[in-house]
Amino acid sequence: MTSGSTWVAWTARGVEVSVLSLLGSFCWIEAQPVEVAVPLCQRVNDGFSAICQEHQGRFAAFAALPLTDMPAAAAELERAMGLPGVIGAQLPGNFFLTRTDAEAARPLLEVANRHRAVLLIHHGPRPGDAFPKVGGDTDNARRRNGTLDMQASLSSVMVTLCLTDVLAAYPDVTIVVHNLGGNIPYEVERMDHRSMLDTPEEELPSSRFRRAKVYVDCNSFGPRAIEAAVALYGAERIVCGTDGSAFGVDWTRKALAEAAIGEEAREAILHRNAAAMMARAGRGAEQAMAAD
């Protein structure tokens, strides 16, 4: 199994806890016909849970879901949230590019909200979406797909999640968008300027991003970007992300060490924020069962 997007809590010796997931392209088993995707996703999720149980306290997991059939995906999320170690699921960003797109994800949001689950929104296509957008024969295709398009798409996801009411009905779900939520920390000043000119009666976007409940991770970014994200979102809304140990542990460790954010903010990002949300996941279902 591939360890894809990974949150980590740190000690002085390195990584303390990793969250396992499939590679976040969503073009594998999640995009297969439902009769193929369901048993494969179940097998993956059962396997993740077994790893978590074998290595108590070392791993948690994001479930893989059969995304070609939303009722089936919701049912598998419901089942997976009963597995030891599973704290939520990973969903493709294209479900949230606009508020209209997000309507299709409501069954998953409802299940996640009931279980106080964590949903990692990772750049990627819904089944049937063209992906990647830039062909391999285009100049700088990897740079265009892996940075330019990815970050622009994640910025749109953050606008949907933070500047609309799509999450209003789901106060107990924890949403995390990877890669600092796209380019929002850099674009928000221009967004505020345009807002003051175009819609001066509205609350500034920067204020709405700051008070939204959406978290971001700092995967693949350097110290200056992390500083900008702390200034916009607050350190309490950022978790440490490495996207798999081979990709970014050393890079992320160095970036956080060099970022001028202060030790309290660094500790929150490296450990406290992720630990709190992982501990919270699943409590909603436990409380409901106790009430019954």
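How much space lies in the largest cavity? About 50 Å³, and a search of the whole structure turns up one cavity of 30 Å³ or more. This is a predicted model, so local features need pLDDT of at least 70 and side-chain atom pairs count only at pLDDT 80 or more, while totals for chains, interfaces and linings use all residues. Residues are numbered from 1 along each chain as its sequence is written, and side-chain values use heavy atoms, with hydrogens and water left out.

**Spaces**

On a 1 Å grid over the protein atoms alone, a cavity is a set of points where a 1.4 Å probe fits but cannot get out; a pocket is an open set with protein on both sides within 12 Å along at least five of seven lines, and lining residues have an atom within 4 Å of a point. Volumes are the space filled by probe spheres set on the points, which are joined across faces, edges and corners.

The largest cavity has S21, L22, F26, E30, F48, F62, A63, A64, L65 and Q90 around it: seven nonpolar, two polar and one charged. The classes are nonpolar (Ala, Val, Leu, Ile, Met, Phe, Trp, Tyr, Cys and Pro), charged (Asp, Glu, Lys and Arg) and polar (the others, Gly among them).

The second largest pocket holds about 310 Å³. Of its 17 lining residues, L161, L167, A168, A212 and K213 lie nearest the centre. Helix 5 (141–163) gives the most to this lining, with three residues. Helices (H or I, at least four residues) and strands (E, at least two) are DSSP runs, numbered from the N terminus.

**Salt bridges**

There are 17 salt bridges here (a side-chain nitrogen of Lys or Arg within 4 Å of a carboxyl oxygen of Asp or Glu). Three of them:

| Pair | Closest N to O |
|---|---|
| E103 and R99 | 2.9 Å |

R99 sits in helix 3 (residues 99–102) and D165 in the loop between helix 5 and strand 6, so their bridge ties together parts 66 residues apart in sequence. D101 is also in helix 3, and R126 is in the loop between strand 5 (118–122) and helix 5, so that pair links parts 25 residues apart. Shared partners join R99, E103, R106 and D165 into one network.

**Cysteines**

The whole structure has zero disulfides (pairs of cysteine sulfur atoms within 2.5 Å). For C27, the nearest cysteine sulfur is that of C41, 13 Å away. C162 has its closest cysteine sulfur in C218, at 17 Å, too far for a bond.
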